[in-house]
Each structure stands twice: as structure tokens, then as C-alpha cells.
Amino acid sequence: MAIQQRSLEQLQSYLILAPTTVSTNNNTTAVDVSGVDGDLLLLLYAAAGGADQSIKVKVQSGNASNGSDAQDVPGGAFTDLGNTAGLQKLAIAREQVGKYVRLAFTDKSASFSASVNVMAVGAARYAS
């Protein structure tokens, strides 16, 4: 595939996780990213979770809207969230994801609780 110049008008954003307090091992609702052509950039912002606390965040993808066939995306793990607030970014090739993307929060320490927000950005397949 040839590299094509993209304009800012073609960028499309997806709210993967609205700002919320994460305090359990669970999965987010699957979000349809089928309109993306090219890499998907995910941006995660998390507040500090507290001393000696942590939780793993993985990107999963599949073709079922309910996430029933979701699998871990290769290279789709953020750095574990802990007691440091910050912004993380993760670029995933379009070939690595299906129609839907979700997050899986796992391996939570006993008392982890932090505010987390995740957005995805990608070039729209078709210009509007």
C-alpha cells in the first residue's frame, strides 16, 4: 500500500473509555473502529492510583459488538497503571484489529482505584 498524504479533516476520534474511576478487573464496552484506514493511535490518561497499587491495561479486539470474540491485540498492552499519573500512547497497525476495540483491566492489586480516560484517533477510511 502506498503512503497517502492525510489532512487533519480526515482524522476521526473514538471515545474508548470516558473519564471514569477504574477499581475492578473488567472489560470496557466494545467500540466500532471499522471506519479507520491505517494505524490507530490510543491515548490513555490515568491519575495516580496510590502507593503499591497497580492494574494492567490491555487492548483487545474482535468482530462481535458484544466483545464475545475479543482477543488481546499483539503489542497492545499499556504500561501498568500505578501510583504515577500520566499520559501513555500506543500505536496499533490496522491489520491487528478487527471491527471492535475494547480495553481489559486485569491483575488489579487489592485496593487500586484511579481515574482513567482513553481516546483513539485514526484516519477515516472515507473523507466526509
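**Figure 1. Leucine 44 in strand β4 of the predicted model.** Leucine 44 belongs to strand β4, which spans residues 40-46. The structure shown here and in the following views is a predicted model. With a relative accessible area of 0%, leucine 44 is buried, since any value under 20% counts as buried. Beyond residues up to four places away in sequence, leucine 44 touches Val57, Phe78, Leu81, Gly86, Leu87, Gln88, Val116, Asn117 and Val118.

**Figure 2. The salt bridge between aspartate 80 and lysine 56.** The model contains two salt bridges. In the one shown here, aspartate 80 pairs with lysine 56, and the closest N and O atoms are 3.0 Å apart. The two residues come from distant parts of the chain, 24 residues apart: aspartate 80 is in the loop between β6 (71-77) and β7 (86-92), whereas lysine 56 is in strand β5 (residues 56-62). Aspartate 80 is partly exposed, at a relative accessible area of 39%. Lysine 56 also counts as partly exposed, at 32% relative accessibility.

**Figure 3. The salt bridge between aspartate 72 and lysine 58.** Here the side chains of aspartate 72 and lysine 58 meet, with an N to O distance of 3.2 Å. Aspartate 72 has a relative accessible area of 41% and is partly exposed. Lysine 58, at 24% relative accessibility, is likewise partly exposed.

**Figure 4. The largest nonpolar core and valine 59.** The largest nonpolar core comprises 28 residues, and those with the most contacts inside it are Leu42, Val59, Leu103 and Val116. Two or more residues of this core come from each of the elements β1 (11-22), β4, β5, β7, β8 (100-106) and β9 (114-123). Leaving out residues up to four places away in sequence, valine 59 touches Leu42, Gln71, Asp72, Val73, Gly76, Phe78, Leu90, Ile92, Val101, Arg102 and Leu103. Among these contacts of valine 59 is Asp72, which also takes part in the salt bridge with lysine 58.

**Figure 5. Strand β8 and its pairing partners.** Because six of the seven residues of β8 are buried, this strand is largely enclosed by the rest of the structure. Strand β2 (residues 26-27) pairs with β8 in the antiparallel sense over two bridges, and asparagine 26 stands opposite phenylalanine 105 in β8. Strand β3 (residues 31-32) also runs antiparallel to β8 and is joined to it by two bridges; the bridge partner of aspartate 32 in β8 is tyrosine 100. Between β5 and β8, which run antiparallel, there are seven bridges. Within this pairing, valine 57 has phenylalanine 105 of β8 as its bridge partner. Valine 57 is also among the residues that leucine 44 touches.

**Figure 6. Serine 109 in the loop between β8 and β9.** Serine 109 is located in the loop that joins β8 and β9. This residue is buried, because its relative accessible area is 16% and the limit for a buried residue is under 20%. Apart from neighbours within four places in sequence, serine 109 is in contact with Asp52, Gln53 and Ser54.

Conventions: Residues numbered from 1 in each chain as written. Predicted model: local features only at pLDDT ≥ 70, side-chain atom pairs only at ≥ 80, totals over all residues. Heavy atoms only, no water. Helix = DSSP H or I, 4+ residues; strand = E, 2+ residues; numbered from the N terminus. Buried < 20%, exposed > 50% of the residue type's maximum accessible area, 1.4 Å probe, protein only. Contact = heavy atoms within 4.5 Å. Salt bridge = Lys/Arg side-chain N within 4 Å of Asp/Glu carboxyl O. Core = buried A, V, L, I, M, F, W, Y, C linked by side-chain atoms within 4.5 Å. Pairing = 2+ DSSP bridges.
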